[in-house]
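Good morning, and thank you for coming. Please take a moment to look at the sequence and the structure on the screen before we go through them together.

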Amino acid sequence: MPPPLAARLVELAQFGATEHGIDRRLFGAADAGARRLFVSWARASNYVIEQDRVGNVFARRPGRRVGAAILSGSHLDTVPTGGPYDGAYGAVAALCALEELDAAGIVTEHPIEAVAWAGEEGSRFPLGCLGSGAFAGLNDLHAIEALVDEDGVSFGAARAAAHGLLSDVPVRDGFPVPAGYVELHIEQGPVLEHRGARLGVVTAIAGQAHFDVEVHGESGHAGTVPMELRRDALSSAAELILQLEAAAAHIGEAVLTVGRLTVFPNQTNVIPGRVVFRIDARSVDEMRLDALRAAVTACAERVAGQRDVRIDVTPIEKRCAVAMDPRLRAAVAEAVTELGEVPFDLPSGAGHDAMCVATIAPAAMIFVPSAGGRSHVGNEYTTPDDLALGVSALTRSIAAIDRLLAKES
Ligand SMILES: [Zn+2]
């Protein structure tokens with residue numbers, strides 16, 4: 001008997017455990033440990049294990065047919081203060097789903113693969129959904145090789161080092177296009193809990209626009225420069241951020257966040273001369289995302305003019321909103337209903353590997369509730385019952401999607 005989901009998540013959570021949560025960044029020791037553990041479980045269940053050139057790991061359960069597989073999984077990396085379920089749950093649950101198919105004696109038409117995507121969080125190299133994006137052909141491989149982390153280590157060098165690609169796992173050629181994809185994930189928001197729903201069916205994943213902003217003012221002595229003669233970069237940044245917060249609220253069904261900000265020289269008795277921060281804007285509606293983009297430019301120009309500072313805005317990343325496949329959504333909803341639950345449709349404000357895979361294959365996502373909506377924190381929590389129910393829903397969804405896609409091809 002393979003170990004149950006809950007025990008596996010506890011074991012996995014030891015890799016990268018810190019006092020603030022879990023820190024498992026791509027190609028670090030903890031990340032490599034997590035991937036090795038995933039492989040050891042897959043090996044014990046006799047699945048065919050491969051990795052690709054960017055570090056995604058696949059465990060294949062054969063079907064009646066050879067060829068394109070149905071994929072299910074999520075990521076094993078975390079943000080620096082991550083929790084035990086974000087990503088890890090979906091990757092481990094996919095493996096559990098393959099084992100449940102084994103236990104039930106179900107032979108699928110398609111091969112089914114459990115996948116652990118590499119570097120979804122972008123916590124080490126500055127690119128979100130690195131592994132699934134490369135898999136889907138969205139991220140240029142040469143550009144990925146050249147990415148560097150904060151210590152100046154390139155992706156290519158990290159991949160070749162001890163905690164990079166796994167030495168005992170074959171590396172597959174290229175990135176074979178799957179027949180379909182379904183990802184199970186914690187919601188990371190409060191909606192399911194709030195609505196008393198246990199299984200969410202994702203309708204679409206929000207599009208994202210990120211901007212780097214640099215505010216150039218003038219540094220000076222905190223005691224000697226009169227208020228009216230100051231060009232304070234931090235006050236200007238604060239004003240801009242508040243204006244953007246109001247703009248997002250006004251646009252509606254859109255969110256905008258500044259979660260990282262660096263002040264120079266960051267001294268108590270020195271007027272800030274320069275501030276660097278990043279804007280994260282999201283909506284499932286492209287029109288609203290466009291409106292947010294326009295607001296960023298307009299507000300930056302206005303604040304720069306009013307406060308006599310220079311504000312440079314550089315767009316750094318844009319991902320379009322991605323709708324989940326209606327037929328696969330229906331298959332998931334059917335699986336949820338079979339379990340006696342009411343499928344709850346909701347959009348995802350968080351980005352997921354599914355949004356990359358959805359550009360090359362029909363894709364669906366299932367959410368389970370997050371207590372208090374907490375995620376990206378060490379104490380993110382989902383009840384054991386909900387975790388187990390999610391795996392049942394995933395197993396049934398995989399089987400339903402297999403039947404659906406087999407009928408069509
Ligand atoms: Zn995640």
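In which helix is Arg35 found? Arg35 is found in helix H2. Please keep in mind throughout that this is a predicted model.

Let us stay with this arginine. Arg35 is buried, because its relative accessible area is 3%, and buried means under 20%. Leaving aside residues up to four places away in sequence, Arg35 touches Phe27, Gly55, Val57, Leu76, His163, Gly164, Leu165 and Leu166. Arg35 and Leu12 are 23 residues apart in sequence, and their C-alpha atoms are 9.3 Å apart in space.

Leu12 brings us to helix H1. Which residues of H1 are buried? They are Leu5, Arg8, Leu9, Leu12 and Ala13. These residues cover an arc of only 135° around the axis, so they lie on the same side of H1. What do they pack against? The buried residues of H1 pack against strand S1, strand S2, helix H2, helix H3 and helix H12.

Val10 also has its place in helix H1. Is Val10 buried or exposed? Val10 counts as exposed, because its relative accessibility is 54% and the cut-off for exposed is over 50%. The C-alpha atoms of Val10 and Pro84 are separated by 7.6 Å, although the two residues are 74 residues apart along the chain.

The largest cavity has a volume of about 40 Å³. Among the residues that line the largest cavity are Leu26, Asp77, Arg124 and Phe125. Its lining divides into 4 nonpolar, 3 polar and 2 charged residues.

I now come to the metal site. Which residues coordinate the zinc ion? The zinc ion is coordinated by His75 through NE2, Asp86 through OD and His185 through NE2, at 2.0 to 2.2 Å. Along the chain, these donors follow the spacing H-x10-D-x98-H. The two histidines link distant parts of the chain: His75 lies in strand S5 and His185 in strand S7, 110 residues apart. Both histidines are buried, since the relative accessible area is 0% for His75 and 1% for His185.

Finally, let us consider the backbone. Most residues other than glycine have a negative phi, and most peptide bonds are trans. Where does this chain depart from that pattern? A cis peptide bond joins Phe264 and Pro265, with omega about 0°. Pro265 is found in the loop between strand S12 and strand S13. Asn266 has its place in the loop between S12 and S13 as well, and has a positive phi of about 65°. With a relative accessibility of 57%, Asn266 counts as exposed.

Asn46 also has a positive phi, near 65°. The place of Asn46 is in the loop between H2 and strand S3. Asn46 is exposed, with a relative accessible area of 67%.

Key:
Residues numbered from 1 in each chain as written. Predicted model: local features only at pLDDT ≥ 70, side-chain atom pairs only at ≥ 80, totals over all residues. Heavy atoms only, no water. Donors = N, O, S within 2.8 Å, 3.2 Å for Na, K, Ca; no water. Helix = DSSP H or I, 4+ residues; strand = E, 2+ residues; numbered from the N terminus. Buried < 20%, exposed > 50% of the residue type's maximum accessible area, 1.4 Å probe, protein only. Arc of directions from axis to C-beta. Contact = heavy atoms within 4.5 Å. 1 Å grid on protein atoms, 1.4 Å probe; cavity = no way out; pocket = protein on both sides within 12 Å on 5 of 7 lines; lining within 4 Å. Points joined across faces, edges and corners; volume = space filled by probe spheres on them. Nonpolar A, V, L, I, M, F, W, Y, C, P; charged D, E, K, R; others polar.
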